[in-house]
Amino acid sequence: MNRAVSSLLTRHAARLGSLCTSSSSSPASEAWDGRFRLHKPRGQHLLTNPRILDAIVRHAALRPGDAVLEVGPGTGNLTARLLASPVHHVTAVEIDTRMVEAVTARAAALDLAQKLTVIQGDAVEADFPEFDVCVANIPYGISSPLIAKLLFGAYRFRTATLLLQKEFAQRLVAVPGDSEYNRLAANVRMVADVKLLMDVSKRDFVPMPRVDSSLVEIRPREAMPDVDLPEWLAFTRECFGQKNKTLGAIFKQKRKVLELFKRSQRTERCAGDAARTGIILGVLDDGNDEACSHEDDSSVPVAGFSEEEVGAFKERIASALDSSELAGKRPSKMSNNELMCLLKLFNERGIRFQ
Ligand code: SAH
């Protein structure tokens with residue numbers, strides 16, 4: 001980065017840093033940076049440590065000619081560095097019009113406006129242009145839907161280097177058997193390799209958030225797995241809803257069996273992009289997986305079907321579990337290969353999850 005840009009950025013960061021101290025009297029959800037109020041519910045925590053900002057750009061391993069996507073540029077602390085690198089172009093998606101103005105003005109002040117396009121809108125909803133790399137300190141509230149959109153949408157890119165809440169990042173890189181391992185990790189692992197790059201202290205942000213952060217690299221696999229993704233995503237939702245129970249116990253519950261029976265009987269499947277996107281954006285929600293657990297309930301009626309039909313369906317489930325020899329295993333400790341093998345056996349017996 002050229003020295004003039006660097007010193008300008010350092011001065012800006014120092015200014016924000018000093019204003020941080022004076023913001024302590026602000027209401028809990030806001031902080032004042034001298035121009036406008038920062039809204040914590042919108043994840044407006046500006047990264048102000050120049051060393052960390054430089055390190056993010058270094059880790060992103062940008063190449064000359066790259067098209068970069070940034071989500072939530074804020075006042076442009078990271079954007080300015082991306083623009084000053086040899087990349088071809090930066091597209092930044094920002095929801096707050098005040099931030100759109102701020103980052104646009106900053107690029108103009110650096111004489112780099114021609115390299116920047118700002119899309120004003122919600123990054124979860126907006127269409128992204130083609131990009132090679134995504135580099136961003138994102139609002140943490142949209143971590144799951146954004147990662148789902150990047151990985152399960154129609155985008156092809158080299159890497160996403162994202163600053164995320166530390167606990168979220170730890171779940172993302174967890175492996176089977178780790179206590180944090182969950183549906184998010186299993187689904188992401190299915191299509192990408194994920195690497196923890198560095199931890200970042202909450203003290204490096206203005207206003208200071210309650211949580212620490214970690215920088216993560218997500219690298220989509222070259223070859224996509226041979227699996228029906230919406231079906232896989234619906235399957236992992238069922239498995240990880242009770243990730244510490246055995247599969248045998250999960251798929252013995254009457255309510256679950258009847259739900260699956262109804263789904264499998266449905267002749268008209270919802271198809272089309274909108275439905276798929278709906279499934280996809282919901283699949284990585286990263287809450288308490290165990291919260292989805294159902295009580296056993298034998299009184300759920302299945303209109304129009306006999307007990308024999310439901311009984312035969314139960315036998316098909318049992319047969320898939322038997323053939324897989326996985327009935328005694330718990331989803332939280334299973335590899336994706338094992339899960340994929342079980343899904344195949346279910347599907348072969350006409351048991352469908354979406
Ligand atoms: N990247 C900047 C700012 C991070 S704060 C920095 O590191 O300093 C997060 C930014 O994301 C804020 O500017 C906020 O307005 C924006 N934002 C919040 N929700 C968003 C959404 N759904 N889509 C796009 N931008 C969003």
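What you have here is a predicted model, and its secondary structure comes to 13 helices and 11 strands. Of the 354 residues in the protein, 50% are buried.

**The whole chain**

- Take the contacts between residues at least 6 apart in sequence: 73% of these join residues at least 24 apart.
- The protein exposes about 16,400 Å², and carbon and sulfur atoms account for 50% of that area.

**Helices α5 and α7**

- Helix α5 covers residues 143-152 and helix α7 covers residues 183-191; the two pack with their axes 10 Å apart, at an angle of about 25 degrees.
- The crossing of α5 past α7 is left-handed.
- On the α5 side you'll find S144, I147, L151 and F152, which meet L184, N187, V188 and V191 of α7.
- Sort the residues of this α5 and α7 contact by type and you get six nonpolar, two polar and no charged.

**Helices α2 and α3**

- Helix α2 (residues 50-59) and helix α3 (residues 77-84) have axes that come within 10 Å and cross at roughly 45 degrees.
- With that angle, α2 is oblique to α3.
- The handedness here is right-handed as α2 passes α3.
- From α2 the contact draws on P50, L53, D54, I56 and V57, while α3 brings in N77, L78, R81 and L82.
- The residues of the α2 and α3 contact split into six nonpolar, one polar and two charged.

**Two buried loop residues**

- L110 sits in the loop between α4 (97-109) and β6 (116-120).
- The relative accessible area of L110 is 13%, and the cut-off for buried is under 20%, so L110 counts as buried.
- Along the chain, L110 and A84 are 26 residues apart, and their C-alpha atoms are separated by 8.6 Å.
- S332 is in the loop between α12 (307-324) and α13 (336-348).
- S332 is buried too, at 3% relative accessibility.
- Leaving aside residues up to four places away in sequence, S332 touches P176, G177, Y181, F240, K243 and N244.

- As background, most residues other than glycine have a negative phi, and most peptide bonds are trans.
- Which peptide bond is cis, with omega about -10 degrees? The one that joins V206 and P207.
- P207 lies in the loop between β10 (205-206) and β11 (213-220).
- A61 isn't a glycine, yet its phi is positive, at about 45 degrees.
- You'll find A61 in the loop between α2 and β4 (67-71), and at 49% relative accessibility A61 counts as partly exposed.
- E325 is a residue other than glycine with a positive phi, near 55 degrees.
- E325 is in the loop between α12 and α13, where S332 is also placed.
- Is E325 buried or exposed? At 70% relative accessibility, E325 counts as exposed, whereas S332 is buried.

Technical notes:
Residues are numbered from 1 along each chain as its sequence is written. This is a predicted model: local features need pLDDT of at least 70, side-chain atom pairs count only at pLDDT 80 or more; totals for chains, interfaces and linings use all residues. Side-chain values use heavy atoms; hydrogens and water are left out. Helices (H or I, at least four residues) and strands (E, at least two) are DSSP runs, numbered from the N terminus. Buried means under 20% relative accessible area, exposed over 50%, partly exposed in between (1.4 Å probe, protein chains only). Contact means heavy atoms within 4.5 Å. Accessible areas come from the Shrake-Rupley method with a 1.4 Å probe; for residues, only the protein chains shown count as cover. Axes are lines fitted to C-alpha atoms, for helices over the stretch in contact, and angles run from 0 to 180 degrees between N-to-C directions. Angles under 35 degrees count as roughly parallel, over 145 as roughly antiparallel, 65 to 115 as roughly perpendicular and the rest as oblique. A crossing is left-handed if the near helix is turned anticlockwise from the far one by less than a right angle, and right-handed if clockwise. Ala, Val, Leu, Ile, Met, Phe, Trp, Tyr, Cys and Pro count as nonpolar, Asp, Glu, Lys and Arg as charged, and the others, Gly among them, as polar.
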